[in-house]
Amino acid sequence: MFDAILSSIPEPDARTAARCQELLDAKTKPRGSLGRLEELACRFAALTGKPVPPLPAKAVVVMAADHGVVEEGVSAYPAEVTGQMVANFARGGAAINVLARQVGARVEVVDVGVRYPVEGLEGVKVRRVGPGTANFTRGPAMTREQAEAALAVGVEVAQRLADEGVGLVGLGEMGIGNTTASSALTCVFTGLPPEVVVGRGTGVDDAGLARKVEAVRRGLEVNRPEAARPLEALAKVGGFELAGLAGVALGAASRRVPVMMDGFIASVAGLVAARLCPRVTPYLLASHLSVEVGHARVLEQLGQRPLLDLGLRLGEGSGAALAFGLVDAALRVLHEMATFTGAGVTDIPPPVR
Ligand SMILES: O=C(O)c1ccc[n+]([C@@H]2O[C@H](COP(=O)([O-])O)[C@@H](O)[C@H]2O)c1
Ligand SMILES: Cc1cc2nc[nH]c2cc1C
C-alpha cells in the first residue's frame, strides 16, 4: 500500500545546498558565523530543491489517541484528559494554540483513537481507528490493519496540507500513556533495556516509574517485537497517534515538505517512519531536546541534533512550533541580508578548492 509513497520520496539535492551555502557566504558576516541557522537554511535548500527557499506556510498536526496500557498505572493523569485536551485544542486554549499563533502556523487536530471523546467539536478531524489501543502487556496494542489505517490517515492529512500550500509540517501529539508506548518502541529500535529508556512522562512518582518499566518489559516479552519488522513492532507496542504521525512524516516527505519533530513521542514516530522507509530520514528535523530520558537516544538513532534545549516535556508539537521561528529566521537571512558587494564591506578571498 505504501510502496508508491515510499519510492516517491525524493533525495535531498546536495548541489542546491552548496549553492545556498555560497549565497550565505556572500552575506555581510564572517563565514559560517550564523552557525546552525546556516545549516538549517542549506537543509531546506537541499530538501525543497530551491537555493533560496521561500518562507514556508506552516502547520502543526496534533494526533490524539489513547492507550490500553494506562490500566497499569503508568501515567500521572487519567485517560479522560486526552479527549478533554482535544476539546481545549479545538477552542484554541492549549499551549500549542498559543505557540502556533506566535509563529503563524495552523493547528490540525486529528482524533485517531480517543477513548473518551468530547463529541461535536468544530475543527477536529475524526478519523478514529479504534477506541484507544489494547493493553500491550497482555497482547498486541493493535492489529496490523489498524496500524496501516492510522498510517494512512497521517499520509492523507500531510498530502492534503501540502496540496493546500503548507511547506513545513510539525509533528504534535496528545495521548495519556503514550510515553510508555514510545518507550517500548525505543527499546525495540535501540536495543536498550526499559530501565534506560523509560522516563517520568507527565510526572509519575518512583512507584509509577517502576510500574512503567515493568509494563514495557512485559510488553516486549509478551509481544516479541523486532526492529527488523517495524510495522509489526508499531502494531504490537505502539499507538494510533504514533502511527498517524509516522504517516504524516511519510506523506510530507513524499511532497518534499520538511518535517519538524517535537519531543520524545513525536521523535519516536519519526524513527518509526525512518525504519519503514529510510528515505524519509533527511526530511526529519529535531526541534528540541525533551526532558524525557529516552529522547536523546531516539535522536541519536536518527543522527539528529536538536535545535533547542528548553527543558520542555509537554508534547502537542510545542517545541516544533518554537523551532518554526528558527526556520523563518534562517530563511530570512537568505532573503534579506546584504552581500559584501552590495553593502561595500570588505570580504576576504574565498579559499581555493
Ligand atoms: O514531548 C515530550 O517529550 C513529552 C514528554 C512527556 C509527556 N508528554 C505528553 O504527556 C502525555 C504522555 O505522558 P504519560 O505520562 O501519560 O505517558 C502525552 O500527552 C504527551 O504529549 C510529552
Ligand atoms: C493537562 C495535559 C496537557 C497535555 N498536553 C500534552 N500532554 C498533556 C498531558 C496533560 C496531563
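How many residues of domain 1 are in contact with how many residues of domain 2? The legends below, which describe a predicted model, begin with this contact.

**Figure 1. Contact between domain 1 and domain 2.** The domain assignment divides the protein into domain 1 (2-53 + 334-343) and domain 2 (57-325). In the contact, 12 residues of domain 1 meet 13 residues of domain 2. On the side of domain 1 that touches domain 2, the elements giving two or more residues are α1 (3-7) and α3 (35-48). Of these, α3 supplies the largest share, four residues. By class, this side of domain 1 has eight nonpolar, three polar and one charged residue. The C-alpha centres of domain 1 and domain 2 are 29 Å apart.

**Figure 2. The largest nonpolar core.** This core comprises 113 residues. Those with the most contacts inside the core are V62, V169, L171, A246, A249, V259 and A269. The core lies between domain 1 (2-53 + 334-343) and domain 2 (57-325), because both give residues to it. In soluble globular proteins, nonpolar side chains tend to be buried together.

**Figure 3. The shell around ligand 1.** Ligand 1 has 24 residues around it, and those that come nearest are S75, G201, G263, S290 and G315. Two or more residues of the shell are given by each of the elements β4 (166-174), α7 (178-190) and α12 (264-276). The element that gives the most is α7, with three residues. The shell around ligand 1 consists of seven nonpolar, 12 polar and five charged residues.

**Figure 4. The residues around ligand 2.** The shell around ligand 2 is formed by Y77, V81, M85, M174, T202, L314, G315 and E316. Five of the residues in this shell are nonpolar, two are polar and one is charged. G315 is also among the residues that come nearest to ligand 1.

Figure 5. An unreviewed UniProt entry places the feature "active site" at E316. E316 is located in the loop between α13 (294-302) and α14 (318-336). With 30 other C-beta atoms within 10 Å, E316 is buried, since the threshold for a buried residue is 20 or more such atoms. Leaving aside residues up to four places away in sequence, E316 touches V62, A94, A95, I96, G172 and M174. Of these contacts, V62 is one of the residues with the most contacts inside the largest nonpolar core, while M174 is, like E316, one of the residues around ligand 2.

Definitions and conventions
Residues numbered from 1 in each chain as written. Chains lettered and ligands numbered in written order. Predicted model: local features only at pLDDT ≥ 70, side-chain atom pairs only at ≥ 80, totals over all residues. Near = placed C-beta within 6 Å. Nonpolar A, V, L, I, M, F, W, Y, C, P; charged D, E, K, R; others polar. Core = buried A, V, L, I, M, F, W, Y, C linked by C-beta atoms within 7 Å. Buried ≥ 20, exposed ≤ 12 C-beta atoms within 10 Å, placed from the backbone. Domains from an automatic or database assignment. Contact = placed C-beta atoms within 7 Å. UniProt positions renumbered as here; feature names shortened; annotations may be inferred.
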